[in-house]
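Hi,

Here is the structure I promised to pass on.

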Amino acid sequence: MSPSLWLLPALPAAAGALLIPVRRAAPALSVATAALTLGLAGHAAATRPSATARLILGEGLAVDGLSAVMVVTVAAVGLAVLVFAAAEQRSGRFHGLMLIFLGAMLATVTATDLVLLLMGWEVMGAMSYALIGYRWRDRERVRSGAVAFVTTRAGDLGLYVACGAALAAGGGLALAGLPGLPPPWRDVVAGGIVLAALGKSAQGPFAFWLSRAMAGPSPVSAFLHAATMVVAGAYLLLRLHVLLAATGWAAAVAAWMGALTALLLGLVALAQRDLKQLLAASTCAQVGFMVLAAGASAVSGGTAHLVAHAAVKSLLFLAAGAWLAALGTKDLAGLHGAARRFPLVGVAFGVGAAALAGLPPLSLWVTKDAVLGGVAQPGPRVVAFAAGLVAALYAGKALAAVWRPADAATGAGSERRATGRVAWPELLPLPVLALVAAGFGIVGLPALHGWWSRLVGDPGAPGLTAGELALSGLPALALATVVIGARPGTVAPSGVGGVFGRWLGLERAARAVVWRPLLRAARWAAWFDERVVHGAVEAVARAGLRAARLAGSPLESGLDGLVRRTGGAVRRLGGLARRPQTGQIHTYFAQAAVALVVLAVVFAIVR
């Protein structure tokens, strides 16, 4: 047991809380803390410690193969994002919230029970709200944060249901014990966890909150999408894939939901004209592959895809943030020529976009096929394969937009003052992330496949064949080439975007089906409370007042008079009893003699 493991989530969380009121040196302190955290994560991954403490029911943290991969990924992306943010975001509040976010995710991925997991889960939700609405003077940004928070909270209720069902079953809250719970409790636990994971990872009907999350600063988007909250649900399902498989139906729900999200949100990404919105929709789609992997018990492929996607998506969002600061726009048409003007950012973005497209030999080409190779069900596999081809289209669209020569549309859609430059801290993390985005797929190739599968606890994962890789890589390459060579506006032009351009109308549907009925129910409950419950309380009070007035009538006067007369009689008797008490001994002897005579007379009469 290693109590020092508690330091891994506690260090960034405590440092973040202390940094919030700091005005100077916040970027340097946050970067130093993130670097220290990465060192702790590397040590934990190498030593695999565990620690327990009795906070409520005997909670614990542990690092096994899967969580070792996750802690290093989360800490590394956190460091890269905070280095990038040091150029523009200098507020202690920003860096403090980001570090608390980092600590919460580290607690989530190392927790061995539902109590600690739920603590980290909830703190992540609170930090997402604070960071999405970071510019709190902008009411629309604050509203976006509230939409994201309320939507994920709706899914989070599933974790509370899961905790209650696990306790009711008497099996405890340890994650390892959940698959052994007796039915129907096991099914309730699985259902709650699937609901919470889908909400947190913006899958299916919950996907729209990720569009709202784009209101936050670009470093927040990079961290949120790449290594923290959005992948937390996928990680949880990968961690508990045995539970999903034990129920049967939960695994099928996860597999189908992941595959359908990958396809439909890929089409949403293709219809976007805003770079950050395109990347947000693509995150939903790519996380869909991870959820599919959890449903199919393809843990090796799903984890590899998670890590590769973390590097790719943090790289793309940071590049988009650098252009937004330099050029003042994230509109795809307005970004024409951006990659040529800032070539280092452009090359890094190009590597990330090509990996996102699934082009060989880059990382997501291999990891996506590793997921598909582990899916036995033909339906989800076919849908996910189609989603992979759509990825080539939307990634190619983004790549073509930024590398296209500058034209009359360049600079259109400006939404902030352009600085005209990219600061050096913004450039530092890009080459490293690009290197990982390009090369991490090596873990899925035959030379390292066995080691990787054993590391993440999936030793029986099937390996990839050259035919499978070619079957996905060549069509993706062809589609991306066609898109890059197409004229602007011919790929998902604005007039054809329709429902996909509006994120499938999911937010509008959620408002109509869930939010407005809830508001009506709340208004009715308020009316019932005000008119019925409050009215009943007031009626009781009025009845009490009437009873009091009745008690103040002649009945009370009579009773009061009786009490007064009784008191007066007792007082007079007391006065009479005091008279013989003179303090003279001869008087007491005389009184005693008289009393003796009286007793003698009474005795004589009675006899």
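Below is what I found, starting with how to read the numbers.

This is a predicted model, so local features need pLDDT of at least 70 and side-chain atom pairs count only at pLDDT 80 or more, while totals for chains, interfaces and linings use all residues. Residues are numbered from 1 along each chain as its sequence is written, and side-chain values use heavy atoms, with hydrogens and water left out.

Let's start with helix α7, residues 185-200. (Buried is under 20% relative accessible area, exposed is over 50%, and partly exposed is in between, with a 1.4 Å probe and protein chains only.)

α7 packs against helix α12 (residues 249-270) at about 15°, with the axes 10 Å apart. The axes are lines fitted to C-alpha atoms, over the stretch in contact for helices, and angles run from 0 to 180 degrees between N-to-C directions. The two are therefore roughly parallel (under 35 degrees; over 145 is roughly antiparallel, 65 to 115 roughly perpendicular, the rest oblique). On the α7 side, D187, A190, G191, V194 and L198 meet W249, A250, V253 and M257 of α12, where contact means heavy atoms within 4.5 Å.

Most residues other than glycine have a negative phi, and most peptide bonds are trans. Just after α7, A202 takes a positive phi of about 55°, and at 0% relative accessibility A202 counts as buried. W503 also has a positive phi of about 55° without being a glycine; W503 sits in the loop between α23 (494-501) and α24 (506-551) and is buried at 5%.

There are cis peptide bonds too. One joins P183 and P184, with omega about 0°, and P184 is in the loop between α6 (139-168) and α7. Another joins P360 and P361, with omega about 5°. P361 is exposed, at 63% relative accessible area.

Cheers

Methods: Helix = DSSP H or I, 4+ residues; strand = E, 2+ residues; numbered from the N terminus. Expected span 1.5 Å × (residues − 1).
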